[in-house]
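Good morning, and thank you for making time for this item. I shall show the model and then comment on it part by part.

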Amino acid sequence: MHELGVTEEVLRLVLQETEKAGASRVTAVGLAIGEFSSVVRESVAFYWEFLSRGTSAEGADLRFETREPLALCGGCGQEYRPLERDHRCPNCGEAVAQLLAGEEFRLDFIEVE
């Protein structure tokens with residue numbers, strides 16, 4: 001259910017930036033979602049359609065880009081792609097890792113007319 005609040009905030013930012021640019025209509029919005037993010041893209045798309053009605057963003061194409069996770073081993077310093085939620089380093093087996101990417105949810109771009 002947190003997708004409702006997240007989508008409201010994305011729409012607020014999109015409309016704010018559209019107004020700053022002096023644009024009349026939003027044609028596309030790009031969102032980056034990490035594989036380990038708790039955000040469900042289908043829910044965002046559902047709420048977007050509902051929330052954007054009657055705004056300059058109504059009908060805008062939502063473009064989702066999935067971001068792969070990337071971890072940094074705390075033992076040997078190797079960067080690697082963790083599988084699922086297992087962050088063990090494939091090089092040394094260390095379980096202590098810093099997740100560098102894969103949990104993000106962010107607004108990447110706005111296309112306007």
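This is a predicted model: local features need pLDDT of at least 70, side-chain atom pairs count only at pLDDT 80 or more; totals for chains, interfaces and linings use all residues.

Residues are numbered from 1 along each chain as its sequence is written, and side-chain values use heavy atoms, with hydrogens and water left out.

Valine 14 belongs to the largest nonpolar core, which has 15 residues; Val14, Val26, Val29, Leu31, Trp48, Ala57 and Leu62 are those with the most contacts inside it. Such a core is a set of buried Ala, Val, Leu, Ile, Met, Phe, Trp, Tyr and Cys residues joined through side-chain atoms within 4.5 Å. At least two residues of this core come from each of α1 (2–21), β1 (26–34) and α2 (41–51). Helices (H or I, at least four residues) and strands (E, at least two) are DSSP runs, numbered from the N terminus.

Next, the overall layout. The protein has two helices and six strands, and its elements run α-β-α-β-β-β-β-β from the N terminus on. The radius of gyration is 18 Å, whereas a compact globule of 113 residues would have one near 13 Å; the value is taken over C-alpha atoms, and the globule rule is 2.2 Å times the number of residues to the power 0.38. Along the principal axes, the C-alpha atoms fill a box of roughly 55 × 30 × 15 Å. Of the 113 residues, 31% are buried (under 20% relative accessible area; exposed is over 50%, partly exposed in between, with a 1.4 Å probe and protein chains only).

Turning to the sheet, three strands form an open, antiparallel arrangement in the order β4-β3-β5; two strands pair if DSSP finds at least two bridges between them. Because β4 (79–80) and β5 (97–101) stand at the edges with a single partner strand each, one side of each is left without a neighbour in the sheet. Strand β3 (residues 70–73) pairs with β4 over two bridges, and alanine 71 has tyrosine 80 as its bridge partner in β4.

Which residues does the side chain of arginine 67 meet in polar contacts? Arginine 67 lies in strand β2 (residues 61–67) and is buried, at 18% relative accessible area. Its side chain makes a polar contact of 3.0 Å with that of glutamate 65, and another of 2.6 Å with that of aspartate 108. A polar contact is a pair of N or O atoms within 3.5 Å; within protein, one must be able to donate a hydrogen and the other to accept it, and residues adjacent in sequence count only if both atoms are side-chain atoms.

Finally, serine 38 is found in the loop between β1 and α2. Serine 38 counts as exposed because its relative accessible area is 53%. Leaving aside neighbours within four places in sequence, serine 38 is in contact with His2 and Glu3, and a polar contact of 3.4 Å joins its side chain to that of histidine 2. Serine 38 and phenylalanine 105, 67 residues apart in sequence, are 8.9 Å apart in space, C-alpha to C-alpha.

Definitions and conventions: Contact means heavy atoms within 4.5 Å.
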